[in-house]
Amino acid sequence: MEGVRTRTAGSAGLTGMHSMRTVWWPLLRADIVHAWSILGVRRGFVGMVLIGLGSMGPAFLPPDAPILDQLHLSWLNWGPLRLLLTGVLLVGVLLLVDGWLRLRPGGSRPRVPVVTWALWSMPILLTPPLFSRDAYSYAAQGLVVSRGMDPYQTGPIAVPGPFADQVDTSWLYTAAPYGPIALQVQHFVVWLTGGNAYAAAVGMRLPALLSLAVIAYALPRLARRLGVSTQQAVWLGVLNPLVVLHLVGGAHNDAMMIALVCLGLLLASRGHLVWASLAIAGAAGFKQTAVLALVAVAGLVMRSRGEPMLQRRYLRLTTLSGVVATTGFAVLTQLTGLGWGWVLNLSVPASMRSLLSPPTFVGSIAEGTMYLMGLSKSWQAVPVPLMQTLGGLTALAVIVWMALRVAPRSPIAAAAGALTALCLGGPVIHPWYLLWGGVLFGAMTLSRRLLRICILVSLFLVAYSAIDAAVANGYWTLALTVVALLAWRSRSSQGRQPEWRDKDPARSPLPPVDLLTAR
């Protein structure tokens with residue numbers, strides 16, 4: 001009888017799995033077929049194919065990359081071929097951007113299935129990490145952890161050989177600034193790829209792909225609960241070229257942080273304060289900046305429960321959320337066994353000068369002006385750190401204002417604003433940093449002006465990334481990049497911009513009240 005029951009239970013389990021497959025597979029296949037029938041999706045896919053083909057150059061591969069010798073591809077570094085690869089890459093970026101703009105909601109455009117992100121990601125699954133070499137550092141840090149060393153005390157130089165050879169020389173002696181969960185995930189990927197240096201770097205896309213799947217699940221549902229078009233959320237927060245090129249293409253651990261933040265805010269919008277706080281604690285285990293998303297938790301929970309937005313109640317729930325998140329983060333840190341060494345390494349990213357950062361940019365202009373005026377080096381050393389300090393204080397003031405004034409009435413705007421303020425006020429900005437808060441803009445009710453700003457910022461950062469890659473392939477290709485971008489911009493500006501229309505019938509009983517749309 002025991003055997004009969006076991007076989008029966010097993011048969012029931014198989015039947016259940018089969019029935020689930022018969023339900024979701026036809027739906028998924030229909031979404032894929034529908035997505036492929038849309039011109040913008042096909043253009044974006046072709047663009048990603050070209051980006052993948054153009055990635056086998058010095059812009060994305062480390063000097064003397066072993067993979068070139070292993071696959072007998074060293075001839076790709078030949079001058080004319082580098083020019084060809086750069087041209088293919090740039091055309092791919094332009095096609096991806098053109099496809100994305102064609103998909104924007106409005107007018108009579110068809111709905112774009114969220115599965116489009118997976119179609120666009122397929123051509124770059126096995127390519128070198130795109131537009132950044134951080135993934136090579138992740139792989140080396142994962143190897144450091146696997147060998148029982150403290151990644152918060154030593155840099156990739158501690159593992160000489162193929163792993164260290166891939167790392168940018170700027171970071172060879174630099175200890176890891178990332179959260180302990182990120183480092184253990186990197187350790188797992190190194191183990192999973194059998195200790196192969198290049199495969200480990202490319203394997204960092206596995207958690208990035210999983211993260212984008214979580215974002216694609218959580219963000220539209222969060223938008224729906226807030227009365228915002230799910231198509232806006234998918235288009236702006238999931239299919240955005242910055243998301244595909246940097247979170248998936250670059251395999252950054254920011255993807256895991258953003259995914260857990262989106263999931264946490266979705267849980268908060270459903271009234272689950274504890275689980276939401278723990279999800280954001282997990283996000284902070286990848287990138288510590290995620291803690292700023294806690295400003296939205298209490299407001300979302302109160303809205304979901306229909307409670308009046310009383311200041312005392314809001315502060316009490318915010319405090320509770322902070323205590324839960326802090327406890328959860330401490331427990332997770334203890335479980336990883338890596339400790340709190342990251343606290344002393346938070347200044348590591350600021351060791352490089354980034355002109356995308358407004359404070360650093362203004363300080364650098366002042367520094368250059370003083371140099372031209374012939375002032376002493378002691379005076380020239382003042383503007384950059386001074387402006388970076390002012391930028392940090394300004395960001396702190398904005399974050400406090402967001403937490404106390406904006407969050408009770410517009411939680412998502414507060415979280416997006418706080419994360420964006422930290423980014424813009426910081427000493428260093430990379431294009432994917434803007435996605436910390438930028439992805440959340442997809443779940444907000446946006447005015448026409450704010451939507452236009454989001455689009456222009458996305459296009460600027462994509463163009464910046466493309467130009468940066470072209471420069472890395474050789475300065476003489478910069479002219480080609482600029483001409484191609486200007487030609488595309490001239491062509492696209494001739495088209496009439498359609499109105500943004502929310503055609504999403506799925507609405508939440510929660511009214512959309514975003515301060516950023518107030519006039």
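A nonpolar core is a set of buried Ala, Val, Leu, Ile, Met, Phe, Trp, Tyr and Cys residues joined through side-chain atoms within 4.5 Å. Buried means under 20% relative accessible area, exposed means over 50%, and partly exposed lies in between (1.4 Å probe, protein chains only). The model is predicted: local features need pLDDT of at least 70, side-chain atom pairs count only at pLDDT 80 or more, and totals for chains, interfaces and linings use all residues. Residues are numbered from 1 along each chain as its sequence is written, and side-chain values use heavy atoms, with hydrogens and water left out.

View 1. Helices (H or I, at least four residues) and strands (E, at least two) are DSSP runs, numbered from the N terminus. Of the 519 residues, 52% are buried. The accessible surface (Shrake-Rupley method, 1.4 Å probe; for residues, only the protein chains shown count as cover) is about 23,600 Å². Carbon and sulfur atoms hold 68% of that surface. Contact means heavy atoms within 4.5 Å. Among contacts with a separation of 6 or more, 77% join residues 24 or more positions apart.

**View 2. W120 and L265 touch the most other members of the largest nonpolar core.** This core has 148 residues. Helix 13 (residues 254-269) supplies its largest share, eleven residues. Leaving aside neighbours within four places in sequence, W120 contacts G40, V41, G44, F45, M48, L96, W100, L103, L239 and V244.

**View 3. P220 and R225 both lie in helix 10.** The helix spans residues 205-225. P220 counts as buried because its relative accessibility is 8%. Beyond its neighbours within four places in sequence, P220 contacts I215, T230, A233 and V234. V114 is 106 residues from P220 along the chain, with 9.1 Å between their C-alpha atoms. R225 has 28% relative accessibility, so R225 counts as partly exposed. From R225 to L266 is 41 residues in sequence and 8.5 Å in space, C-alpha to C-alpha.

**View 4. A nonpolar patch lies on the surface.** Patches are made of residues with over 30% relative accessible area and no salt bridge; like charges are joined within 9 Å, nonpolar side chains (Val, Leu, Ile, Met, Phe, Trp, Tyr) within 5 Å. A salt bridge is a side-chain nitrogen of Lys or Arg within 4 Å of a carboxyl oxygen of Asp or Glu. L315, V382, L386, L390, L393, L396, V400 and L404 form the patch, with about 670 Å² of accessible area together. Helix 19 (residues 383-406) gives the most, six residues. V400 lies in helix 19 and counts as partly exposed because its relative accessibility is 42%.
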